[in-house]
Amino acid sequence: MIVFSGITMWARAVWMEGNREIEGTIPRNWIRHKKVRWPPGKNAEKPMKEMREPTSEWKSFKLCKIKLTSSEKCFLSFVIHYDENIKL
């Protein structure tokens with residue numbers, strides 16, 4: 001588990017997978033050098049919960065932007081969910 005200043009960090013990020021823009025909440029340590037790293041396999045839930053360090057076997061995707069960071073993963077999910085439903 002990665003800890004920044006005593007706080008485990010999460011990020012709400014946007015990245016490119018091929019021609020598709022993907023948005024998700026991921027461990028902050030999965031973002032490096034303007035790339036999002038993603039574990040191999042179909043299910044990233046366990047590596048995400050364990051906040052594993054990326055390895056050379058992980059896929060790399062171009063980072064578009066980091067929207068928010070927080071010590072609480074559920075906070076980021078709530079903020080984005082709420083924001084997407086605002087009618088202007």
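Let me start with a definition: a residue is buried under 20% relative accessible area, exposed over 50%, and partly exposed in between, using a 1.4 Å probe and protein chains only. Lys 49 has 60% relative accessibility, so it counts as exposed.

The model is predicted, so local features need pLDDT of at least 70 and side-chain atom pairs pLDDT 80 or more, while totals for chains, interfaces and linings use all residues. Residues are numbered from 1 along each chain as its sequence is written, and side-chain values use heavy atoms, without hydrogens and water.

Lys 49 belongs to helix α1, residues 45-49; helices are DSSP runs of H or I with at least four residues, strands are E runs of at least two, and both are numbered from the N terminus. Its C-alpha atom is 9.5 Å from that of Ile 26, 23 residues apart along the chain.

Next, Arg 37, in strand β4, residues 35-38. Arg 37 is buried and has no salt bridge, meaning a side-chain nitrogen of Lys or Arg within 4 Å of a carboxyl oxygen of Asp or Glu. The nearest side chain of opposite charge is Glu 57, 7.6 Å away; Lys and Arg count as positive, Asp and Glu as negative, and His and the chain ends are not counted. What does the side chain of Arg 37 reach at 2.7 Å? The backbone oxygen of Thr 55. The backbone oxygen of Lys 59 lies 3.4 Å from a polar atom of the Arg 37 side chain.

Last, Trp 30 and Trp 58. Both are buried, and Arg 37 is in contact with residues including these two, contact being heavy atoms within 4.5 Å.

Definitions and conventions:
A polar contact is a pair of N or O atoms within 3.5 Å; within protein, one must be able to donate a hydrogen and the other to accept it, and residues adjacent in sequence count only if both atoms are side-chain atoms. Lists of a residue's contacts leave out its neighbours within four places in sequence.
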